[in-house]
Amino acid sequence: MDFSSLHHAGQLFVLPNAWDLGSARALLRAGFPAVGSTSLGVAASHGLLDAARDIAEKTLELAQELRGLRCFVSMDIEDGFFDDPADVAAYVRELKVHGINLEDSSSGALVDPELHAAKISEVKRACPEVFVNARIDTVWLHQDIDVAETLRRARIYTEAGADGIFVPGALGTEAISELLRGICLPLNLLPSTDHTAAELGALGVRRLSTGSLPYRAAMDAAVRAALAVRDSTPLPTATSYQQVMDSMAADPGHSG
């Protein structure tokens, strides 16, 4: 089985998104077959902004660390960090991972889909083995939000060689069904309170990425723990210090 096969197994799989090696190892120990990165988590953990092309080097460093894990690895590379498709392809080649997310917006605005398609095409030419998950930000950015425009972009990216389509944002059941009818590639969504993973899988969604949710939840948990100490309220349960040390010393998910 390869990373692409997870998307064609006839059922939904959940891709958890990590922001550093420690979080990736923890997610892998929970039994996930693949780990992705979250650009927001990577950016915020270094005091940087997401979707601002500030984390190209940080993402490359993280990819180098995650390559030692015994699982498939997919990296969120925002809009590719470069305008020139050849530069994007060279960057992906340097990552040496199984998959990437490549979004069709820059600086908070949608880009010309033909320009984005050129990046997809060049990446697939240079790295045919990499699973290119083409992210469409119409819903995410509330720009050209109608399903028809999302499907138009999906068709352009499919023709350019994309392996999957990712449509983040709040989507109702009918909109999801319409996307599934109009997209021939595996559809990737983000979790929401409106649908369970089982429900999305039954509809035909093939990948559910956690996105930045684990990072944001971890930040909330850290603050709650500190407040419990300060306010003399019951301390939260947590993995013990020794358990963390033991897992790092003999991590079954790391080949190094």
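**Sheet, salt bridges and a negative patch**

Val14 has Leu208 in strand E11 as its bridge partner. That contact belongs to an open sheet of 9 parallel strands, and elsewhere a search of the whole structure turns up 11 salt bridges. Keep in mind that this is a predicted model, where local features need pLDDT of at least 70, side-chain atom pairs count only at pLDDT 80 or more, and totals for chains, interfaces and linings use all residues. Residues are numbered from 1 along each chain as its sequence is written, and side-chain values use heavy atoms, with hydrogens and water left out.

**The sheet**

- The strand order is E1-E11-E10-E9-E8-E5-E4-E3-E2; strands here are DSSP E runs of at least two residues, helices are H or I runs of at least four, and both are numbered from the N terminus.
- Two strands pair if DSSP finds at least two bridges between them; E1 and strand E11 (residues 207-209) run parallel and are joined by 3.
- Strand E1 (13-15) and strand E2 (17-18) stand at the edges with a single partner strand each, so one side of each has no neighbour in the sheet.

**Salt bridges**

- A salt bridge means a side-chain nitrogen of Lys or Arg within 4 Å of a carboxyl oxygen of Asp or Glu.
- Arg153 and Asp104 form one at 3.0 Å, N to O. Arg153 sits in helix H7 (residues 147-160) and Asp104 in the loop between strand E5 (99-103) and strand E6 (105-106), so the pair ties together parts that are 49 residues apart in sequence.
- Arg153 and Asp104 are both buried (buried is under 20% relative accessible area, exposed over 50%, partly exposed in between, with a 1.4 Å probe and protein chains only).
- Asp104 and Arg153 also belong to a salt-bridge network with Glu149 and Arg152.
- Arg125 pairs with Glu122, with the closest N and O atoms 2.8 Å apart. Both lie in helix H6 (residues 113-126), 3 residues apart, or about one turn of the helix.
- Arg125 counts as exposed because its relative accessibility is 58%.
- Arg181 meets Glu174 at 3.0 Å, N to O, and Arg181 is exposed, with a relative accessible area of 59%.

**The negative patch**

- Asp20, Glu57, Glu61, Glu65 and Glu94 make up a negative surface patch. Patch residues have over 30% relative accessible area and no salt bridge, with like charges joined within 9 Å and nonpolar side chains (Val, Leu, Ile, Met, Phe, Trp, Tyr) within 5 Å.
- Helix H4 (residues 56-66) gives the most to this patch, with 3 residues.
- Glu57 lies in helix H4 and counts as exposed, at 52% relative accessibility.

Methods. Accessible areas come from the Shrake-Rupley method with a 1.4 Å probe; for residues, only the protein chains shown count as cover. Lys and Arg count as positive and Asp and Glu as negative; His and the chain ends are not counted. The place of a charge is taken as NZ of Lys, CZ of Arg, CG of Asp or CD of Glu.
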